[in-house]
Amino acid sequence: IMAVLTILRTQIQDVEEAAEFLVNAHLAKHSSQDFEDWASRGQEYLGGPDCPFCGQAIGGLDLVKAYRSYFNKAYTDLKRRVVALESQVALDLAESKIEAVVSAAATNTARIEAWKDHLNVTAPALDDIALSAALKQVREQLLALISVKRREPLESVSSQADADTAFVAIIGITHAIEAYNNAVQAVVTQIADFRKKLVAENTAVLVSEIRKLEAAQKRVLPDVITTVNEYRAAEAERERLDSEKTKTRQKLDALM
């Protein structure tokens with residue numbers, strides 16, 4: 001933000017007041033907002049005593065002399081920096097920046113949810129709507145100021161209020177993302193601690209405990225209860241028959 005505001009506030013100090021007044025008066029006669037840029041670029045074609053556009057003599061004209069003072073190298077360089085600044089702001093504050101953050105947050109949520117069966121964890125929320133709105137506000141504000149600077153390159157554009165508004169929005173976005181990252185890191189630490197405990201556990205004992213728990217779980221199923229009852233009844237009948245067989249054998253032995 002500071003780099004953008006610095007360019008917006010840049011003024012050209014070595015333009016003569018008389019030349020500036022004369023050029024501004026001439027520019028005011030033309031309503032096209034691109035006229036100043038057209039006149040500035042036209043200086044590159046003034047290689048002789050005649051106008052390359054209409055062929056009339058321009059030697060000694062005060063307006064042409066004023067152009068040379070007004071549209072000097074510093075002016076041209078500043079115009080180029082402002083044009084480049086517009087593209088840079090549109091790129092750096094593009095909506096795709098927030099979309100990338102939202103995509104990363106969705107991936108984090110999916111990974112954290114996968115641990116819910118083992119840990120009491122909750123994926124932190126990211127207010128993407130608020131972030132997108134804040135970024136759009138700063139982008140449109142700066143692009144509007146840059147548009148003014150393109151039309152009035154010699155003027156200092158943007159006030160302290162403009163700077164404060166942009167800084168507040170950017171700081172808000174930064175803090176929101178930092179808070180989200182800290183919350184994710186806390187969950188990551190919790191998962192890492194849980195995984196360390198898993199490494200320290202005796203696998204054979206855990207497998208045995210799991211089988212016992214699974215057996216106990218199956219034991220209360222209706223089909224299993226019926227089967228167990230049938231088995232117990234059959235076992236009781238087998239024991240009764242064995243007892244009768246023993247008594248019968250004893251009688252036979254006595255008779256023999």
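1. The side chains of Glu235 and Arg238 form a salt bridge, 2.5 Å from N to O. The term means a side-chain nitrogen of Lys or Arg within 4 Å of a carboxyl oxygen of Asp or Glu. The two residues are three apart in helix α10 (residues 222-255), so about one helical turn separates them. Helices here are DSSP runs of H or I, at least four residues, and strands are runs of E, at least two, numbered from the N terminus.

2. Asp242 and Arg238 sit four residues apart in helix α10, about one turn. Shared partners join Glu235, Arg238 and Asp242 into one network. Relative accessible areas are 23% for Glu235, 41% for Arg238 and 31% for Asp242. Each value falls in the partly exposed class, between buried (under 20%) and exposed (over 50%), with a 1.4 Å probe and protein chains only.

3. This is a predicted model, in which local features need pLDDT of at least 70 and side-chain atom pairs need 80 or more, while totals for chains, interfaces and linings use all residues. Numbering starts at 1 along each chain as its sequence is written, and side-chain values use heavy atoms, leaving out hydrogens and water.

4. Check confidence. pLDDT is the predictor's confidence in each residue, from 0 to 100. The chain mean is 81, and 79% of residues reach 70 or more. Helix α4 (residues 62-70) is lowest, at a mean of 60, and helix α6 (residues 95-113) is highest, at 91. Where pLDDT is low, the coordinates should not be read in detail.

5. The fold has 10 helices and zero strands. Of the 256 residues, 25% count as buried. Contact means heavy atoms within 4.5 Å. Among contacts with a separation of 6 or more, 80% link residues 24 or more positions apart.

6. Arg139 lies in helix α7 (residues 128-151). A polar atom of its side chain is 2.6 Å from the backbone oxygen of Leu93. Leaving aside residues up to four places away in sequence, Arg139 touches Val89, Ala90, Leu93, Ala94 and Glu95.

7. The whole structure holds seven salt bridges. One of them pairs Lys116 with Glu113, at 3.8 Å between the closest N and O atoms. Lys116 is partly exposed at 41%, and Glu113 at 37%.

Definitions and conventions. A polar contact is a pair of N or O atoms within 3.5 Å; within protein, one must be able to donate a hydrogen and the other to accept it, and residues adjacent in sequence count only if both atoms are side-chain atoms.
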